[in-house]
Structures are given as structure tokens and as C-alpha cells.
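Please look through the sequence and the 3D model shown here. The report after them describes selected parts of the fold in plain terms.

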Amino acid sequence: FLLGQTSRQIAGVSSINMLGQATRIGLAFLTTLFVSRWLGASGFGEANLILSYTAFITFFLTAGFDQSLPYYVAHFESEKKKAMAKKVLWVGLCLSVILGVVLLGGATFVLPKVLEKANLSHLLVPTLILAYQTQFLAVGNVLGGYLRGEKKFLPVIWKDQFLTGGIGFVGAVLLLKVFDLGVLGYVISYSAAGFIGFLVVLYYTIRVLRRQPTVAEDKPSQWGKWIWFSVPLGLMSTLEPMLLWSGFIVVGAMMAPPDVGHFAIATRVAFFVQFLFVGLQPIFSPYMANYIKEGKKEEFQQLYQMVVYWSTKWSVLFSFVLFLNVDKVMALFGHEYLTASTCLLLVLPGYFFEGSFGAAKLSLVMGGYSSINVLNLLVALIINVLGAYALIPQYGLNGAAVAFSFSFFILNLLRVFQFHTYFKSTPINGSQLKNLCKLSAVLLILGIIIYTLSANENQRLLFSVVVFVAGFLISYWKDRELFIGRLRRQIAG
């Protein structure tokens, strides 16, 4: 009964979240579509290179409090100590600002030298803008973590999925197409969207805090405990984008900016395989924290399996569409990106593993094993960087893609093995595995038929989309009341 109630709560909020994710990803797709065409492969590659130099800073400045706050809020809620959760929030914000002053001060002197070495000195201003706006993004992420812990999901969803994507898209159209500002225009639109999103979560957090009790004094040692718990999460959050962007940095160092642009398009398209997992991830983690706190390990394990099962079904279905229509999809961004079609197919397995089994990451965190995730990411990061350096000279961009996917395969293999070791639970049960095998077999047969009988690419795309929609409806039919019923009540209310 408890798991059923939690499933309905997660599915209900996730229905709204996935609508938001669909909107956000749709806007991001349109933005990427137009920006990649307007800037060309070279300009788009330069934009992604400077993003790779600065993107990890946001996550470093959150210091892990964006992920630890849902745990602490749930922890103190059960003990009726709301004031303590409020105090953890202040500690996280203070630490973020202190780290920001130190790191961004250093970046002001280091980034010009990095850009000069990469022959990108003409991009100093947009790079510094990207660096400085990470502070607002970091604070917004910490505030969003607090709101998620309070089960106030909708403001975070509104900020992440609707507002920032919409502003980013409109800004990119105006500044690139109308004012022709190039990479600088893209950076300004990206940064403005992040800043306005920060203001939104700040407003809602203030509203929530006004209803909370006054913060009571506590022993200084408690501060150290909170920071010590959050630090592994901060390192984990920092290493994750570094794992992704390290591939861009290596490609940029060993190849030309257009190749970075090709790699960027391949990874952006393959990211869609994670769509369902991304929609579920911020929702199920507070419930997992509650189960661990209350000692309900069986429900904790069942929730983990449910999320993996839901996510894997989506990953299988979307991979089916991409495999059959890779050239058609890449041509949307411009014919100069068609050479990266093979690269897309090679990075796709990496995102498939992450989209299917990424739930093990947060499950380990909520189970109290944060530090092991840091080691996992370090191993994957080393594999990605060394693999790219080893394979690019002979295989070019495809070598970087192979290193990328292999690093994510090892990363998620470690996570699944560790979760099984600590909690004696497999990622999916026998019944779920049987259903996934049936789905995969049917899609394989249909894929061969469609590929063989389709007269042209447009026909193949149409047939594969029909199969995707039908497969989605059939495979999620048993969960229709969890998603659609609760969604209807949310809209009606």
C-alpha cells in the first residue's frame, strides 16, 4: 500500500514534470537546431568549448546541497525539526557564495590564459559571462533542492522546464538572428535565462521560509556534519558534468572547432534517451530518503526497481527511433552535421546506460553511500579522457564517442553492482526483465521490417514514430492511472 501511494505521488508529480521536461527539451532542441545552423559547425563548436571550460563550476559551487537538502528536509520533517532544515539551507547558501568568490576570482585570471592557449582569445567576454553567471545558477540549484525537499516541486519544474527554456529560445532568436551577435548573443541568452530562473526559485523559497519556524542555535559541530555529508555529493555533482564536458575538451584540443560542433550535436540528440529518467529523478529521491529514514528497505528497493523499469522502457523505445533515422535526424541541424551520424550511434549506448540505470546513483546517495559515487565518477572520467586521447588519433570523432559510451557503461555497471552489494537488490525483477526482453525483441523485428520495406527516409521515420507511440502506450498501459489519472486531477485542481 505504501509503495502504491508513493508510486501515485511520484507518477502524479512526474506527469507534470515530464510535460515540463518535454517543453524544456523541445525548446532546447529548437534552440540547438537554430543556433547550430546560424553559427555553423565551427561557431557552435566554439560555443560548446567555452561552455566546457565553465559548466562544471555551477555544480562545484552548489557544494552538494542541491542534493543533500531533500534528504535533510525529509529527515527533519519526520522529527518535527523544520528549523533545522532551514539552517542547513543557510549553511549551503553561505558555502556556495564563499566558494564562488574564491573560484570565480581565480577564474578571472586563469581563463584568459586557457583561451589564449586554445586560440579562442576572441571569446574572452562570453567566457567570463558564462563563468560569473554560474554563481546565480548554483544558488538557484541549492534553493531548488530545498523546495524539492519540502515537496514544492512545481516552482522548480516551472523554473527548469518552462521559463529558462523559453527565455533561452527567445533570446537566442533575437540576439543571433536579429542582432547577429554570434557566440556572444548565444551566451547572453543562455545566461539571462539562468538568472531569471534563479529569481523565480528565490521568490518561492522566501514564501516557504516565511512559514517556517525561527532557526534555533545549534552546536558548531553540526555545521561540520552537514558539510561533511554534502561534500561527496558536491564532488559527485561536479564530476558528472566534467565527465560529459571532458570529451569536448579533448576533442577541442586534438581536433578543430567544427568537430566539437559535430560532437555537441551528437550528444545533444542522444540525451533524449534519458528523458523519462530525467523526469523522475528529482521526484523519487525525497521518497527514497523517507524510506531509508523509516527503515523500510523493501519499499526502498521496490521503488528503485520501479524507476529503473520505467526509465529503461523509454530508453529502448527512443533508441529504436534514433537507430532507424540517424541520418534524417542529423540533417535537421544542417547537412554539414551528417558526417557525425556514426558518432551519434556510438554515443547513444552511453546515454542508454545512464538513462536506464542512473537511478542507482541517487539510490546509493539516499542509502548513505555518497562517497562511492565519487570514486565511480573518477574512474569513468579517467576512462573517458584516456580513451579519447588514445582513440582520436586513429578513429577521430568516433573514437571520442566510443570512449564516452564505454565510460558510462563502466560507471553504471559499478553503481548497479554496488547497490546489489549493499541492498541485495537487482535493478529489475524477473517479471520486469521478461517484459523488457519482449519489448526489445518486438522492436528488433519491426525495425528490420521497416528498414527493409521503407521506400525512403520519410517513410521510415513515419513508420518508426508510429511504432514508438504505439509501443509507449502499450508498455505503459498498466501505469496509465498513475500518470494520466493524477495528471487530470492536477490540471482540474
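## Basis of the model

This is a predicted model, in which local features need pLDDT of at least 70 and side-chain atom pairs count only at pLDDT 80 or more, while totals for chains, interfaces and linings use all residues. Residues are numbered from 1 along each chain as its sequence is written, and side-chain values use heavy atoms, with hydrogens and water left out.

## The chain as a whole

The chain has 18 helices and zero strands. Helices (H or I, at least four residues) and strands (E, at least two) are DSSP runs, numbered from the N terminus.

Of the 493 residues in the chain, 56% are buried. Buried means under 20% relative accessible area, exposed means over 50%, and partly exposed lies in between (1.4 Å probe, protein chains only). A contact means heavy atoms within 4.5 Å. Among contacts between residues at least 6 apart in sequence, 85% join residues at least 24 apart.

## Helices H10 and H16

The axes of helix H10 (residues 297-324) and H16 come within 10 Å and cross at roughly 5 degrees. That makes H10 roughly parallel to H16. Axes are lines fitted to C-alpha atoms, for helices over the stretch in contact, and angles run from 0 to 180 degrees between N-to-C directions. Angles under 35 degrees count as roughly parallel, over 145 as roughly antiparallel, 65 to 115 as roughly perpendicular and the rest as oblique.

On the H10 side, the contact includes Tyr309, Thr312 and Lys313; on the H16 side, Leu436, Leu439 and Leu443 are among the residues taking part. By class, the contact of H10 with H16 divides into twelve nonpolar, six polar and one charged residue. Here Ala, Val, Leu, Ile, Met, Phe, Trp, Tyr, Cys and Pro count as nonpolar, Asp, Glu, Lys and Arg as charged, and the others, Gly among them, as polar.

Leu436 is found in helix H16 (residues 430-453). Is Leu436 buried or exposed? Leu436 has a relative accessible area of 8%, so it is buried. Not counting residues up to four places away in sequence, Leu436 touches Tyr309, Thr312, Lys313 and Ile428. Leu436 and Lys313 are 123 residues apart along the chain, yet their C-alpha atoms are separated by 6.8 Å.

## Helices H13 and H15

Helix H13 (residues 359-366) and helix H15 (residues 397-423) have axes that come within 9 Å and cross at roughly 40 degrees. Because of this angle, H13 is oblique to H15. H13 passes H15 in a left-handed crossing (the near helix is turned anticlockwise from the far one by less than a right angle; clockwise would be right-handed).

Ala360, Lys361, Ser363 and Leu364 in H13 meet Arg415, Val416, Gln418, Phe419 and Tyr422 in H15. The contact of H13 with H15 has five nonpolar, two polar and two charged residues.

## Aromatic rings

The structure holds 26 aromatic pairs. Rings of Phe, Tyr and Trp (its six-membered ring) pair if their centres lie within 6.5 Å; planes under 30 degrees apart count as stacked, over 60 as edge-to-face and the rest as tilted.

Phe195 and Phe198 both lie in helix H6, three residues apart, about one turn of the helix. Their ring centres are 6.0 Å apart and their planes are at 40 degrees, so the pair is tilted. Phe195 is partly exposed at 33% relative accessibility, whereas Phe198 is buried at 11%.

The rings of Phe353 and Phe409 have their centres 5.1 Å apart and their planes at 55 degrees, so this pair is tilted. The pair links distant parts of the chain: Phe353 is in helix H12 (residues 341-357) and Phe409 in helix H15, 56 residues apart. Phe353 is partly exposed, with a relative accessible area of 21%, and Phe409 is partly exposed at 33%.

## Two loop residues

Most residues other than glycine have a negative phi. Asn119 has a positive phi of about 60 degrees although it is not a glycine. Asn119 sits in the loop between helix H3 (82-117) and helix H4 (124-149), and is exposed at 64% relative accessibility.

Asp180, also not a glycine, has a positive phi of about 55 degrees. Its place is in the loop between helix H5 (153-178) and H6. Asp180 is exposed, with a relative accessible area of 63%.
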